Amino acid sequence: MEFVTNLILASVRMATPLIFLSLAELYSQRAGLVHIGLEGLAAIGSLTGFLVSHITGSPIVGVCAGAMAAILVNMIYAYATVTLCAEQIVYGMAINIFAPALASFIYRVYFGAGSELVQVPLMTNLSALLGINADSFIAKLFLEQTLMVYLAYGLVIFTAIYFSKTKSGLNYKAVGEYPRAAATLGINVIGVKYIASIICGALAGIGGAYLTTCYTTTYVDGNVAGRGFIALAAVIFGRWSAGGVLLACLFFGFCDALQIRLQVASFNVPYQFFQMIPYVATVVVLAIIGMKKAGPKSCGKPYRKEER
Amino acid sequence: MKNTSKIVNVMVPLVSVLLAFIIGCIIIAALGANPITALQALWKGAFGSVRNFGTTLSRATPLIFTGLCACFAYRCGVFNLGGEGQFIMGAVVCTVIGTQFNIEGLPAIILCLVAGTIAGGIWAMIPGVLKVYRGQNEMIISIMLNYVATLFMGVLFTDWMRDGSVPQTVAIPDASRLTRLFGLRATTAFVIAVVVGLAVYYFLFFTSKGFQLRAVGYNMTAAEFNGFAVKKYFLASFLVSGMIAGLGGSADILGTQFFLINGYASGYGFDGVSMALIGQLHPLATMLVAIFFAALRVGSTTMQAATGVPTSVSDIIQALVIVFTVAGLAMVKLPEFKALLNRIFSRKEVA
């Protein structure tokens, strides 16, 4: 029984960074920008979050700084893909190579090459903030979480309402579907794409910073560990809707949690086989859902104002 | 006009390298070192002596393979980001055969290389088949398989094939190792890499199959309309690009690495992607970029020893080159830029 409750609690924790990253991808794709560089954005967010919470001692400031840093890096992507009309896939790849290199460089310069592992304090849980003693499973599930978890679920609800019920949300979606038609209706297509990039950068940065401010106390290169790409899969799996994306993230979070719990349980199997679970699950899920195309229609295509 | 666009295509990476180095120098200066001394040390470390040049070529060898792997797939319009996984699977199979099968010498080398090539090809067929028959995104799947391959390699060196107390596998016996070229660090693996590069170049640009493959990559719909079996080309390009990476993995194990260890081949896949993109999907240019990247890495060790600037500066420079090149290539395709070029050139003609 304890195995199951621990598993559920860990699933919620592991799903949170994926929710931020998938929402980042969702906001980007809804404006017609396929972003495969989330891995890189999360890496820079993770490093900045770590560094700033190390300096200021406040994980919340760290998360904000992580979001800012990822926005800055994503502005390079936005400029190249929106203004220069660079191929989005290729440029996302460039961000994936550039941002982690930058993060690892900053870490090495700041802490020195041979320094011992630096640790930062983690964000406190809501129950500790309120002074409530959470011992039952339900109390743990709903109260013993960091503020970031509540933020993630709040954002999912907001996104679901925004894209289906508000005029501005529908305008936003129009940019991803038929930018030319959107432009004739007076929507500033280029502007929406830049705003999308800011939102995407912020969310991806928060998702990365979650890893160093709420999950582990240290920063290591490659700590994002493919989550940026799993988030991409979650968006496809969730069929580009906020609710679907949430379910997909919970599923992938569950796989991640299962992997950790199985490692702790230590059967006579090399632990790497358990670590493969989230990655294999992603491949299997994508293979099963097959080829229904449901994404925004102009995704990946550059938009030029003057072109007819 | 065709000539100018060719010149522009060569100029963009060169200007990007220049810009990246300028920013690199600013970073070096900000770290309190003299950029000129640092760059001199970098140059000396990479090309200063025949021995250093050999080291550079040996570092370039695995990069050439992953670069060609990416290059070949993209020419056909499929994004195989799984070069790293395919490279590792080649290395894994090669290590298993080379250390467990009790064979040595030339037969072992040939068997290892062939088996590694096949392993890489099979590993690449997974995203290939899923893309063609399930319509799935090959990028995500090939990247997921990179992690699976890395973890599988981990199983070998920490558990199944662990050599005593250290987490690494037994080394390839001396008799099965590739010979060094003129006693340098570079081995015949480099020769194999160059041969593969030339073969890819010949295939893509001088055979009709290669032309059809490029046509599929250039405009899939048009190619399909002309009766090309697009799916077959997709599968074939996955297979071949995976085989190139797998061959690279086994050649690298037999040539310089000899055993599997934690962190081996990490980043080779994405390095390959960036080299192919900077080389604008031209096999020969990709090989040159690989040697340039390797020179940066080898030289940065000397630079660190001489000036105390950390080696990761070279990673930043490398990352900046790709960021600038891709943006630059997009920029020169903009109508505004073309108009500007036209104006400059027509003005010259008038004068």
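**Stop 1: the end of H12 in chain B**

Select B:Gly308. It sits just after H12(B) and takes a positive phi of about 80°. This is a predicted model. Now step back into the helix itself. Helix H12 of chain B covers residues 283-307, which makes 25 residues. From its first C-alpha to its last it reaches 35 Å, close to the 36 Å expected at 1.5 Å a residue. Put the view on B:Ser300, where H12(B) bends by about 25°. Then show the surroundings. Of the 25 residues of H12(B), 20 are buried, so the helix is largely enclosed by the rest of the structure.

**Stop 2: chain B as a whole**

Zoom out and colour chain B by secondary structure. The C-alpha trace spans about 75 × 60 × 35 Å along its principal axes. How does the radius of gyration of chain B sit against that of a compact globule? With 351 residues, such a globule would have a radius near 20 Å, and chain B has 21 Å, which agrees. Buried residues make up 55% of chain B. Look also at how the chain meets itself. Among its contacts between residues at least 6 apart in sequence, 79% join residues at least 24 apart.

**Stop 3**

Most residues other than glycine have a negative phi. Two residues here go the other way.

- Select B:Asn102. Its phi is near 55°, a positive value in a residue other than glycine. B:Asn102 lies in the loop between helix H4 (83-100) and helix H5 (105-134) of chain B. Is B:Asn102 buried or exposed? It is exposed, with 7 other C-beta atoms within 10 Å. The cut-off for exposed is 12 or fewer.
- Select B:Phe258. Its phi is near 70°, again positive in a residue other than glycine. B:Phe258 is in the loop between helix H10 (230-257) and helix H11 (268-278) of chain B. B:Phe258 is buried, with 21 other C-beta atoms within 10 Å.

**Stop 4: chain A as a whole**

Chain A has 14 helices and zero strands. Its radius of gyration is 20 Å, close to the 19 Å that the globule rule gives for 308 residues, so chain A is as compact as a globular protein of that length. The C-alpha trace of chain A spans about 60 × 45 × 40 Å along its principal axes. Of the 308 residues, 52% are buried. Residues 24 or more positions apart account for 77% of the contacts in chain A with a separation of 6 or more.

**Stop 5: helix H1 of chain A**

Select residues 2-30 of chain A. This is helix H1, with 29 residues. At 1.5 Å a residue it should span 42 Å, and its end C-alpha atoms are 41 Å apart, which agrees. Where does H1(A) bend? Go to A:Thr16, where the bend is about 30°. A proline, A:Pro17, follows within four residues. Then move past the end of the helix to A:Gly32. Its phi is positive, near 85°.

**Stop 6**

Select A:Ala128, in helix H5 (residues 126-130) of chain A. A:Ala128 counts as partly exposed, with 14 C-beta neighbours inside 10 Å.

**Stop 7: where the chains meet**

Bring chain B back. The contact takes 39 residues from chain A and 37 residues from chain B. Which elements give two or more residues to the chain A side? They are helix H3 (59-83), helix H4 (88-111), helix H11 (227-237), helix H13 (271-275) and helix H14 (277-289) of chain A. H4(A) gives the largest share, 14 residues. By class, the chain A side has 31 nonpolar, seven polar and one charged residues.

**Stop 8: the core**

In soluble globular proteins, nonpolar side chains tend to be buried together. The largest nonpolar core here has 219 residues. Of these, A:Ala234 and B:Val326 touch the most other members. Finish on B:Val326. Leaving out residues up to four places away in sequence, B:Val326 touches A:Ala80, A:Ala86, A:Val90, A:Tyr91, A:Ala94 and B:Leu277.

How values were computed:
Residues numbered from 1 in each chain as written. Chains lettered and ligands numbered in written order. Expected span 1.5 Å × (residues − 1). Bend = angle between axes of the 7 residues up to and from the residue. Rg over C-alpha atoms; globule rule 2.2 N^0.38 Å. Contact = placed C-beta atoms within 7 Å. Core = buried A, V, L, I, M, F, W, Y, C linked by C-beta atoms within 7 Å. Nonpolar A, V, L, I, M, F, W, Y, C, P; charged D, E, K, R; others polar.
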